[in-house]
Amino acid sequence: MRQSKTEVWSFVHAERARLADDLATLAWHDWSTPSLCPGWDVHDVVAHLVDAATTSRLSFARRMLSARFDFDADNAAGIGRERRTDPQETLAAFRSVARLTRTPPAPRATRLVEAIVHGEDIRRPLGITAGYDVTAASAALAYQLRTAVAMGGGRERAAGLRLVATDSPFEAGRGDTVRAGTVDLLLAVSGRPVPGVPIG
């Protein structure tokens, strides 16, 4: 289920490009649509993705010191830096960083989580449907189940549940069975509302 460095970045680069294409024809008002990420609209999430793509291990350490190790404050500052007045300029910035391989000091699987979860944070409220490679989605889900909520994961949300994917061989946990698509399970474990998926 674990993916190699090459596999992860190939997936991430392709997903960034695909998301940028999906957003290319958005009307101005669509950019202010509330995303699935609480407190962020679509424009905020794209600005965050620009910020995340340009963050290296060294710059992350510096930023954490500046934010006094407050992840929410750092994310807000990052959005403030990268969100342009014109959403199309933010989108152009996102396209320009799509091929970067910078990352904060975190497991590579976090890049899969980011690409899929934030992609759906944006797409679902806009009514945009997208399919994802289930191998990458399964690797992202497995990572979230190993990782505490306090660290951006979803381990506690899935406690006491047996998760069974309906579109991949993924199964994990013990307890009451929850069946859903791999991406739906990933979103629910990551704290997003997914109708019909009782997690969290």
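The model I am reading is predicted.

I listed the buried residues of α7: Ala136, Ala137, Ser138, Ala139, Ala140, Leu141, Ala142, Tyr143, Gln144 and Leu145. I then checked what they pack against, and the partners are α1, α6, β1, β2 (171-173) and α8.

I checked the length of α7. At 1.5 Å a residue, its 13 residues should span 18 Å, and the end C-alpha atoms are 18 Å apart, which agrees.

I looked at the start of α7. There, a side-chain oxygen of aspartate 133 comes to within 3.2 Å of the backbone nitrogen of threonine 135.

Next I turned to the largest nonpolar core, which has 36 residues. Phe11, Ile116, Leu163, Leu185, Val197 and Ile199 have the most contacts inside it. I noted the elements that each supply at least two residues of this core: α1 (5-23), α6 (109-126), α7 (134-146), β1 (161-165), β3 (176-180) and α8 (182-189). Of the contributors, α7 gives the most, with eight residues.

Where does this core lie? I found that domain 1 (5-126) and domain 2 (134-190) both give residues to it, so the core lies between them.

I also found another core apart from this one, with 20 residues, including Leu26, Ala53, Leu91 and Val97.

Last, I looked up valine 197. Leaving out residues up to four places away in sequence, valine 197 touches Val178, Ala180, Asp184, Leu185 and Ala188.

Key: Residues are numbered from 1 along each chain as its sequence is written. This is a predicted model: local features need pLDDT of at least 70, side-chain atom pairs count only at pLDDT 80 or more; totals for chains, interfaces and linings use all residues. Side-chain values use heavy atoms; hydrogens and water are left out. A nonpolar core is a set of buried Ala, Val, Leu, Ile, Met, Phe, Trp, Tyr and Cys residues joined through side-chain atoms within 4.5 Å. Buried means under 20% relative accessible area, exposed over 50%, partly exposed in between (1.4 Å probe, protein chains only). Helices (H or I, at least four residues) and strands (E, at least two) are DSSP runs, numbered from the N terminus. Domain bounds come from an automatic or database domain assignment. Contact means heavy atoms within 4.5 Å. The expected span of a helix is 1.5 Å times one less than its number of residues. A polar contact is a pair of N or O atoms within 3.5 Å; within protein, one must be able to donate a hydrogen and the other to accept it, and residues adjacent in sequence count only if both atoms are side-chain atoms.
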